[in-house]
Amino acid sequence: MNNLERIYKMSFASVYPHYVVKVEKKGRTIEELHTVIFWLTGYNKNDLENIITKKVNFEDFFTNAPQINLNASKITGVICGYRVEEIEDKIMQQIRYLDKLVDELAKGKKMEKILRE
């Protein structure tokens with residue numbers, strides 16, 4: 001299994017607690033984290049609870065997202081050594097978009113900026 005497949009098959013539930021710790025350690029809230037996740041994917045609180053309970057993998061998490069935000073393409077910058085706007089694999093790009101949003105939240109950026117308003 002290559003790196004891409006490994007990330008695709010990783011459950012969202014296994015990474016979610018790391019997102020929570022990362023943002024809370026910097027004084028942000030789970031509600032703010034959820035706002036970012038819901039903005040990017042179109043999911044809601046019930047969807048997220050089901051995704052975590054059913055251990056949905058990242059590939060399915062993004063493939064089945066109700067609506068990837070039209071402003072997601074405005075997310076730019078480097079995450080894990082890659083420029084997010086240059087990642088050609090659509091799902092990997094969406095995974096990195098989420099990583100970037102979580103990073104911005106943890107770094108204390110204003111919500112309007114994170115949500116590209």
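## Surroundings of His 34

Leaving aside neighbours within four places in sequence, His 34 is in contact (heavy atoms within 4.5 Å) with Tyr 16 and Leu 48. The model is a predicted one, in which local features need pLDDT of at least 70 and side-chain atom pairs count only at pLDDT 80 or more, while totals for chains, interfaces and linings use all residues. Residues are numbered from 1 along each chain as its sequence is written, and side-chain values use heavy atoms, with hydrogens and water left out.

His 34 lies in helix α3, which covers residues 30-41; helices here are DSSP runs of H or I with at least four residues, strands are E runs of at least two, and both are numbered from the N terminus. With a relative accessible area of 12%, His 34 is buried, where buried means under 20%, exposed over 50% and partly exposed in between, for a 1.4 Å probe and protein chains only. The side chain of His 34 also makes a polar contact with the side chain of Tyr 16, at 2.6 Å. Such a contact is a pair of N or O atoms within 3.5 Å; within protein, one must be able to donate a hydrogen and the other to accept it, and residues adjacent in sequence count only if both atoms are side-chain atoms.

## The two ends of helix α4

At the start of helix α4 (residues 45-53), a side-chain oxygen of Asn 44 comes to within 3.0 Å of the backbone nitrogen of Asn 46. After α4 comes Lys 55, which has a positive phi, near 55°.

## Salt bridges

Side chains of opposite charge can pair when their charged atoms come close. The structure holds eight salt bridges, each defined as a side-chain nitrogen of Lys or Arg within 4 Å of a carboxyl oxygen of Asp or Glu. One of them joins the side chains of Arg 28 and Glu 32, at 3.1 Å from N to O; Arg 28 is buried, with a relative accessible area of 13%, whereas Glu 32 is partly exposed, at 22%.

Another joins Glu 85 and Arg 83, with an N to O distance of 2.8 Å, and here Glu 85 is partly exposed at 32% relative accessible area, as is Arg 83 at 35%. The side chains of Lys 109 and Glu 104 meet in a salt bridge of 3.6 Å, N to O; Lys 109 counts as partly exposed at 35% relative accessibility, while Glu 104 counts as buried at 7%. Glu 104 and Lys 109 are also linked with Arg 116 in a network of salt bridges.
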